[in-house]
Amino acid sequence: ETLASLAVSLPAQWLKVGVPDASGSGLVQRAYAIRGAYRGWGVVVVDFVLHADAGPVAAWAGRAVVGDVAYLGGAHGGYQLDPVADWCLLAGDETALPAIASILESLPEDGRPTCVVIEVPTVDDIQALGYPDGTEIHWLARDREPAPEGRLRETLAGLCLPAGTGQIFLAGEVALVSAIRQDLAGAVLSARIDAAAYWAREPVSGSGFGQTGRSASQSV
């Protein structure tokens, strides 16, 4: 019943998820995007990326069963749509998928051109998403397009973005996000860029760019 008091007012908000540590005497906490919150049902949806080199929370999620206990913190951050933006671009890897999905489902049906580029490990990771008319979605599956860093940066560099003022949401691995942000800042004449580092291949002391309420961290 305490889920009813969780205030989720914007898409792409995040919260801390806490699970018992290996000893069972403490908690391990990591930040995760809120995929959806349905107060009337008492439901909060959080997606976990399950991968071979799993961190403590992802490992817990991989073996969790009904009745296991996790602890949730309050909601933070979020994505605020600019009402005067002429177009939107949403891009990221699989860790950004919950945030991008929640943003898409919150967009108004106002005919605003929206482009989405999402890189996922395999074609099986492609999800059905809700989005308004006028949305163009590009799925990049690494098993079909093998490359050391995937195809996200290359695909974004090749986009022909509309004229006018844009709004860009970008999230994923810290080094790749930082590089793409610099690419877009140099190529797009007028756009607000919200960039978030969700994970890092190696520990980093700082991402070098403004983040939307998330700090760079190791893989979770």
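So, which residue forms a salt bridge with E119? Before I get to that, a bit of housekeeping. This is a predicted model, where local features need pLDDT of at least 70, side-chain atom pairs count only at pLDDT 80 or more, and totals for chains, interfaces and linings use all residues. Residues are numbered from 1 along each chain as its sequence is written, and side-chain values use heavy atoms, with hydrogens and water left out.

Okay, back to E119. The partner is R142, and the closest N and O atoms are 2.7 Å apart. By salt bridge I mean a side-chain nitrogen of Lys or Arg within 4 Å of a carboxyl oxygen of Asp or Glu. This pair links distant parts of the chain: E119 sits in strand β8 (residues 114-120), R142 in the loop between β9 (135-141) and α3 (152-157), 23 residues apart. Helices (H or I, at least four residues) and strands (E, at least two) are DSSP runs, numbered from the N terminus.

Now, buried or exposed? E119 counts as buried, because its relative accessibility is 4%, while R142, at 26%, counts as partly exposed. The cut-offs there: buried is under 20% relative accessible area, exposed over 50%, partly exposed in between, with a 1.4 Å probe and protein chains only.

The structure holds 8 salt bridges. Another one is D183 with R153, at 2.7 Å, N to O. D183 lies in helix α4 (residues 174-187) and R153 in helix α3, so this pair ties together parts that are 30 residues apart in sequence. Both ends are partly exposed: D183 at 31%, R153 at 38%.

Then there's D194 with R192, 3.1 Å from N to O. Here D194 is buried at 11%, and R192 is partly exposed at 36%. Salt bridges with shared partners also join E94, E119 and R142 into one network.

Let's switch to helix α1, residues 56-63. Its buried residues are V57, A58, W60 and A61. Why are they on the same side of α1? Because they cover an arc of only 155° around the axis, taking the directions from the helix axis to the C-beta atoms. The face turned away from that buried side carries the exposed residues G62 and R63. What covers the buried residues includes β1 (13-20) and β2 (27-33), with contact meaning heavy atoms within 4.5 Å.

Strand β2 is also the place of L27. L27 counts as partly exposed, at 45% relative accessibility. That's me done, thanks.
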